[in-house]
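I opened the model today and kept notes in the order I looked things up.

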Amino acid sequence: MANTNPVLRALRRFGASNAELESAARQKVVESTGAILIGDLSDRQWAKLRGTITVLTMKPRSGTPWLEAEFNDGSGTVTLIWMGRRSIPGITAGRELTVSGRVSYVDGQRRLYNPLYELVAG
């Protein structure tokens, strides 16, 4: 009943921080496109995700370059890892993407290795 009460919804929005409002807006976009929320992922699940790259780094592992991106959809984060890549045209911090791949939990963190990706026009 609390979800349908417009007064309670308005009070929640009024008391929410900008980060919480932005997170809720991102989650609505994810749900409207049919993607899965990062916060709902389980280990070894195939997933299609939509979100934004917040941090992009190149970390060499045993002499092989790994391009790593922290990917956020408002419900959580996942690390995208492209092995053998120093950069990918169009993949930049702040860029919105749709990615898909099999989720792995490594040391308690979600990761997608060599995910398929589509740049979202914006």
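**Entry: ground rules**

I am working on a predicted model, where local features need pLDDT of at least 70, side-chain atom pairs count only at pLDDT 80 or more, and totals for chains, interfaces and linings use all residues. Residues are numbered from 1 along each chain as its sequence is written, and side-chain values use heavy atoms, with hydrogens and water left out.

**Entry: salt bridges**

How many salt bridges does a search of the whole structure find? I got three.

I looked up Arg-61 and found a salt bridge to Glu-68, with 2.8 Å between the closest N and O atoms. Glu-68 also forms a salt bridge with Lys-59, and there the closest N and O atoms are 3.7 Å apart. Shared partners join Lys-59, Arg-61 and Glu-68 into one network.

Next I checked accessibility in this network. I call a residue buried under 20% relative accessible area, exposed over 50%, and partly exposed in between (1.4 Å probe, protein chains only). Glu-68 is buried, at 9% relative accessibility. Lys-59 is partly exposed at 37%. Arg-61 is partly exposed at 33%.

The side chains of Glu-96 and Arg-50 also meet in a salt bridge, at 2.8 Å from N to O. This pair links distant parts of the chain: Glu-96 lies in strand β4 and Arg-50 in strand β1, 46 residues apart. Is Arg-50 buried or exposed? Arg-50 counts as buried, at 18% relative accessibility. Glu-96 counts as partly exposed, at 27%.

**Entry: elements and totals**

I then listed the elements. Helices (H or I, at least four residues) and strands (E, at least two) are DSSP runs, numbered from the N terminus. I count two helices and six strands in the protein chain. Along the sequence the pattern is α-α-β-β-β-β-β-β.

The chain has 122 residues, and 33% of them count as buried. For contacts I used heavy atoms within 4.5 Å. Among contacts with a separation of 6 or more, residues 24 or more positions apart account for 48%.

**Entry: strand pairing**

I took two strands as paired if DSSP finds at least two bridges between them. Which strands pair with β4 (residues 96-106)? Strand β1 (residues 46-61) is one, antiparallel, joined to β4 by seven bridges. Within that pairing, Leu-49 has Val-99 in β4 as its bridge partner.

Strand β5 (residues 109-113) pairs with β4 in the antiparallel sense over four bridges. Val-103 has Leu-112 in β5 as its bridge partner. Strand β6 (residues 116-119) also pairs with β4, antiparallel, over four bridges. I found Leu-97 opposite Leu-119 in β6.

**Entry: positive phi**

Where is Asp-107 found? Asp-107 sits in the loop between β4 and β5. That hairpin has two residues between its strands. Phi of Asp-107 is near 55°, a positive value in a residue other than glycine. I noted Asp-107 as exposed, at 74% relative accessibility.

Asn-114 lies in the loop between β5 and β6. Its phi is near 45°, again positive in a residue other than glycine. Asn-114 is partly exposed, with a relative accessible area of 40%.

**Entry: largest pocket**

I ran the pocket search last. On a 1 Å grid over the protein atoms alone, a pocket is an open set of points where a 1.4 Å probe fits, with protein on both sides within 12 Å along at least five of seven lines; lining residues have an atom within 4 Å of a point. Grid points are joined across faces, edges and corners, and the volume is the space filled by probe spheres set on the points.

The largest pocket has a volume of about 220 Å³. I listed 14 lining residues, of which Lys-59, Glu-68, Glu-70, Thr-79 and Gln-109 are the closest to its centre. The elements giving two or more residues to this lining are β1, β2 (64-72), β3 (77-83) and β5.

Methods. Salt bridge = Lys/Arg side-chain N within 4 Å of Asp/Glu carboxyl O.
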